[in-house]
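The sequence and structure come first, and the reading follows.

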Amino acid sequence: MNGKINISGINLDLTDALKNYVTEKASKLFEHNDRIIRANFELEFIPTKDPKNSFVAKASLEIPGPNIILSITSDDLYKSIDELMDKLIRQIRRAHRLEKEKRNHPQEIEIGDDIPKTK
């Protein structure tokens, strides 16, 4: 694992068990893509009268190219983290597949006739 993992909590205390859980899950991301520079995770509790959708897990992966930013909301924090990691893995695979497709099948560029010629 070459990247750095940042975990922050908003409106909740981060326990060692929670930090270890996120770190363990995030290590799988680095197995899928070794070019991840940094992974930022925000775990948030939204105090509402309705307990449904009160836990939010947000992630921002810094990779070469466009960053991957996702957010999942549910009634259980661990459930939010699991769903977030599944979505992140799918996005990493998709980005890798598109990069590979672009590299293996380059598109020709057509230059129009209306471009002025230089002397």
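## Valine 22 and its surroundings

Which residues does valine 22 touch, not counting residues up to four places away in sequence? Valine 22 touches Ile7, Phe41, Leu43, Ile81 and Met85, where contact means heavy atoms within 4.5 Å. This residue is found in helix H1, helices (H or I, at least four residues) and strands (E, at least two) being DSSP runs numbered from the N terminus. Valine 22 is buried, with a relative accessible area of 1%; buried means under 20% relative accessible area, exposed over 50%, and partly exposed in between, with a 1.4 Å probe and protein chains only. Valine 22 and phenylalanine 45 are 23 residues apart in sequence, and their C-alpha atoms are 16 Å apart in space.

## Basis of the model

The model is predicted, so that local features need pLDDT of at least 70 and side-chain atom pairs count only at pLDDT 80 or more, while totals for chains, interfaces and linings use all residues. Residues are numbered from 1 along each chain as its sequence is written, and side-chain values use heavy atoms, with hydrogens and water left out.

## The two helices

Helix H1 (residues 16-32) has 17 residues and reaches 25 Å from its first C-alpha to its last, close to the 24 Å expected at 1.5 Å a residue; the expected span is 1.5 Å times one less than the number of residues. Leu18, Tyr21, Val22, Lys25, Ala26, Leu29 and Phe30 are buried in H1, and the buried residues of this helix pack against strand S1 (4-10), strand S2 (38-45), strand S3 (55-62) and H2. An α-helix has 3.6 residues a turn, so residues three or four places apart point the same way.

H2 has 28 residues and spans 41 Å from its first C-alpha to its last, close to the 40 Å expected at 1.5 Å a residue. Its buried residues are Leu77, Ser80, Ile81, Leu84, Met85, Leu88, Ile89 and Ile92, and they pack against H1, S2, S3 and S4. Among them, serine 80 has a relative accessible area of 0%; leaving aside neighbours within four places in sequence, serine 80 is in contact with Phe55, Ala57, Ile72, Thr73 and Ser74.

## The nonpolar core

In the largest nonpolar core, which has 26 residues, Leu29, Phe41, Leu61, Ile81, Leu84, Met85 and Leu88 touch the most other members. Such a core is a set of buried Ala, Val, Leu, Ile, Met, Phe, Trp, Tyr and Cys residues joined through side-chain atoms within 4.5 Å. H1, S2, S3, strand S4 (68-74) and H2 each give two or more residues to this core, and the largest share, seven residues, comes from H2.

Leaving aside neighbours within four places in sequence, phenylalanine 41 is in contact with residues including Ile5, Ile7, Val22, Leu29, Leu84 and Leu88.

## An exposed loop residue

Asparagine 11 lies in the loop between S1 and H1 and counts as exposed at 53% relative accessibility. Although asparagine 11 is not a glycine, it has a positive phi of about 65°.

## The largest pocket

What is the volume of the largest pocket? The volume is about 330 Å³, taken as the space filled by probe spheres set on grid points joined across faces, edges and corners. On a 1 Å grid over the protein atoms alone, where a 1.4 Å probe fits, a pocket is an open set with protein on both sides within 12 Å along at least five of seven lines, and lining residues have an atom within 4 Å of a point.

The largest pocket is lined by 16 residues, of which Asn33, Ile63, Ala95, His96 and Glu99 lie nearest its centre. Helix H2 (residues 77-104) gives the most to this lining, with six residues.
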